[in-house]
Amino acid sequence: MVNTYCTVRQNTFKEVDFAELSLEEVIGVGGFGKVYRGTWRGDLVAVKAARQDPDEDISVTSQNVRREARLFAMLTHPNIITLKGVCLQEPNMCLIMEYAAGGPLSRALAGRRIPPHILVNWAVQIAGGMLYLHSGAIVPVIHRDLKSNNSNLLARPSARGPTLKITDFGLAREWHKTTKMSAAGTYAWMAPEVIKTSTFSRGSDSRSSLPAECWDQDPHGRPSFAAVLAQLSALEHRVLDEMHQDSFHSLQDGWKLEIQGMFDELRAKEKVRGGGAPPPLHDSSAYRLTRTP
Ligand SMILES: Nc1ncnc2c1ncn2[C@@H]1O[C@H](COP(=O)(O)OP(=O)(O)OP(=O)(O)O)[C@@H](O)[C@H]1O
């Protein structure tokens with residue numbers, strides 16, 4: 001039996017014995033490795049197994065798992081997925097997380113039309129989680145890969161106002177250690193300065209958000225998550241009282257066309273620069289960059 005607490009600087013994570021885990025099915029595959037639904041001590045959990053790169057020494061994989069676990073373990077917020085424990089037994093190194101049964105936000109958004117007040121509430125929850133990461137956590141953290149695949153619903157979207165949880169801290173970094181680092185993230189969600197110069201800041205996280213000022217080319221011109229949250233909270237009340245669902249959905253169709261146009265333009269520019277046409281946006285794996293620290 002392992003079950004000890006490992007304290008590394010101020011961060012503590014619970015070490016779990018692999019024999020205590022029961023893995024049921026693969027629910028997704030990310031840059032870090034496969035994610036399984038499983039059970040641990042009677043609770044449903046999501047188990048994120050570390051992928052072992054054949055060209056990489058196992059000690060490097062172990063270091064990466066410890067780094068993600070240390071950072072993840074110090075985060076406590078209703079909109080951040082909870083890390084329950086870590087298995088450091090080679091070759092079964094994995095993170096054991098609270099299970100979000102409702103699936104990724106990307107899937108919920110691609111399905112049926114969601115009423116505007118629920119959409120705005122989801123945005124409020126994400127902004128709340130991001131504000132905590134940037135300003136409320138023991139050490140401020142930059143996520144670096146905020147996107148709809150990395151926001152999971154705790155329950156099915158049909159449930160009334162399900163809780164949203166931000167996941168995937170494989171690329172996240174403590175703020176004081178983060179300015180310039182190797183490119184990592186997902187192109188479609190990246191801030192321009194990250195694509196051009198690999199320079200990260202709190203502003204590069206808020207680029208993945210709304211309102212329109214978040215799209216400012218200058219990261220210093222983008223609002224903080226405190227400002228984003230204040231605007232969204234005010235909007236949440238207005239939407240419920242004033243917004244007619246049909247007019248909202250036709251607005252949404254307009255935005256989709258506008259965003260599609262922007263991406264078509266980007267693809268065309270990329271083609272002119274000689275790199276050939278980038279792959280279609282729905283092929284998100286093609287837009288992944290390396291995970292090197
Ligand atoms: N705690 C969780 N509960 C339920 N499902 C989860 C949980 N964590 C991750 N998943 C699911 O597992 C899949 C893979 O997640 P992961 O965060 O590893 O990769 P990703 O974000 O899809 O890709 P990448 O890591 O390359 O950015 C996603 O579909 C996600 O919804």
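A polar side-chain atom of Asn150 sits 2.3 Å from an oxygen atom of the ligand. The model is predicted. Taken alone, the ligand exposes 610 Å². The protein buries 92% of that area.

Two further pairs involve Lys147 and Ala100. In the side chain of Lys147, an N or O atom is 3.1 Å from an oxygen atom of the ligand. Ala100 uses its backbone instead: an N or O atom there lies 2.9 Å from a nitrogen atom of the ligand.

## The shell around the ligand

How many residues surround the ligand? The count is 21. The closest are Gly31, Glu98, Asn150, Asn152 and Asp168.

By class, the shell has eight nonpolar residues, six polar ones and seven charged ones. Domain 1 (18-98) and domain 2 (103-242) each supply at least three residues to the shell. Strand 3 (21-29), strand 5 (43-49) and strand 7 (94-98) are the elements that give two or more residues to it.

## Ala230 in helix 6

Ala230 belongs to helix 6, which spans residues 225-242. Is Ala230 buried, exposed or partly exposed? Its relative accessible area is 48%, so Ala230 is partly exposed. The cut-offs behind that label are under 20% for buried and over 50% for exposed.

Ala230 can also be placed against Pro91. The two residues are 139 residues apart in sequence. In space, their C-alpha atoms are 46 Å apart.

Conventions: Residues are numbered from 1 along each chain as its sequence is written. This is a predicted model: local features need pLDDT of at least 70, side-chain atom pairs count only at pLDDT 80 or more; totals for chains, interfaces and linings use all residues. Side-chain values use heavy atoms; hydrogens and water are left out. A residue is near a molecule or strand if one of its heavy atoms lies within 4 Å of it. A polar contact is a pair of N or O atoms within 3.5 Å; within protein, one must be able to donate a hydrogen and the other to accept it, and residues adjacent in sequence count only if both atoms are side-chain atoms. Accessible areas come from the Shrake-Rupley method with a 1.4 Å probe; for residues, only the protein chains shown count as cover. Helices (H or I, at least four residues) and strands (E, at least two) are DSSP runs, numbered from the N terminus. Ala, Val, Leu, Ile, Met, Phe, Trp, Tyr, Cys and Pro count as nonpolar, Asp, Glu, Lys and Arg as charged, and the others, Gly among them, as polar. Domain bounds come from an automatic or database domain assignment. Buried means under 20% relative accessible area, exposed over 50%, partly exposed in between (1.4 Å probe, protein chains only).
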